[in-house]
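Me: I am new to this structure. Please show me how to read a few of its features.

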Amino acid sequence: MSKQSGPIAVLGIGIMGAAVARNLHRQGFVVHAWNRTPQAAQALEAEGIQVHAEAEQAVRGAQVIITLGKDGPAVLQAMQQAQDGFQPAALWLQMATVGVEACDELQAFARARGLVFYDVPLLGTRQPAEQGQLLVLGAGSGSHREALQPLFAAISKRVLWVSERPGDASRLKLALNSWVLALNHGAAESLALAKGLGLDPALVVELVTGGPLDSGYFQAKTRAMLSADYQPSFTLANALKDAQLVVAAAHSAGVRVDLAEAGLQRFQRAMEQGHGDKDMAASYLG
């Protein structure tokens, strides 16, 4: 799409939504933003991004609407509030992780209101989001993919088109999240076990570093655990939501996910201890 083809509306200004809005703006797109709690979006105004008090105002004139709410119900509520401002045949890029069932519900809402629905969840956390280095998983009609490429290039390093069937990208995102959550919990339990056995947990990191088990993700999460610096790159509350979606989808598909179910319990313990606003690495405390 052309950068002069009208504003892009971003509904949902959390960690990911703010980064997406900023990167689009920096690349010359006109961005209109809305958030359920207005104060979360106010910082964008100083950067030249127009922030609206009402979702309906944010989508007026927008041929592209991006949603990044915390879950399916939040996304649906935002779009319901915005619906009187929809442009005919506007493209709806649903980038939040909402799971399979909610994705189907959102697609039905789009169809009923004449929107072109794209299921395009994002893979990444705060740093890659802010650097415009996210991964986009895409499912939807091939008709607008080429036109959308400049938009995706502003926020991501790669777009993987899964199929033309919305929902397939959300399915793949859950499979990937299962692996991400397992890595997080594996690091947390390894360090916790070392500490519980009377050892310095930093020894685990020292042995893994530079070897075949090492990764940037392992280094980032163990650094947070060892320093007790849980500034959120991806909150534990959101990780809990994603774990619930993984388990629900697996049950629906008749697939056993023992690790995901155990990890869900670990997140729930950490939530009950008051760590929901911390980075998901705080599962180390659970």
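Reply: Start with exposure. A residue is exposed when its relative accessible area is over 50%, and buried when that area is under 20%. This is a predicted model.

Me: Is Ala228 buried or exposed?

Reply: Ala228 has a relative accessible area of 54%, so it counts as exposed. It lies in the loop between helix 10 (216–227) and helix 11 (236–253). Its phi is positive, about 55°, although Ala228 is not a glycine.

Me: Where is Ala89 found?

Reply: Look in the loop between helix 4 (72–82) and strand 5. Ala89 also has a positive phi, near 60°, and is not glycine. Its relative accessible area is 45%, so Ala89 is partly exposed.

Me: Now the rings. How many aromatic pairs does a search of the whole structure find?

Reply: Ring centres must lie within 6.5 Å, and planes over 60 degrees apart count as edge-to-face. The search finds 5 pairs. One of them joins Trp92 and Phe117, edge-to-face, at 5.0 Å centre to centre with 85° between the planes. Trp92 sits in strand 5 (residues 91–94) and Phe117 in strand 6 (residues 116–119), 25 residues apart. Both are buried.

Me: What do Tyr118 and Trp161 form?

Reply: An edge-to-face pair, 6.0 Å centre to centre, with 70° between the planes. It links strand 6, which holds Tyr118, to strand 9 (residues 156–163), which holds Trp161; the two are 43 residues apart. Tyr118 is at 0% relative accessible area, so it is buried. Trp161 is at 22%, so it is partly exposed.

Me: Which residues form one aromatic cluster?

Reply: Phe86, Trp92, Phe109 and Phe117.

Technical notes
Residues are numbered from 1 along each chain as its sequence is written. This is a predicted model: local features need pLDDT of at least 70, side-chain atom pairs count only at pLDDT 80 or more; totals for chains, interfaces and linings use all residues. Side-chain values use heavy atoms; hydrogens and water are left out. Rings of Phe, Tyr and Trp (its six-membered ring) pair if their centres lie within 6.5 Å; planes under 30 degrees apart count as stacked, over 60 as edge-to-face and the rest as tilted. Helices (H or I, at least four residues) and strands (E, at least two) are DSSP runs, numbered from the N terminus. Buried means under 20% relative accessible area, exposed over 50%, partly exposed in between (1.4 Å probe, protein chains only).
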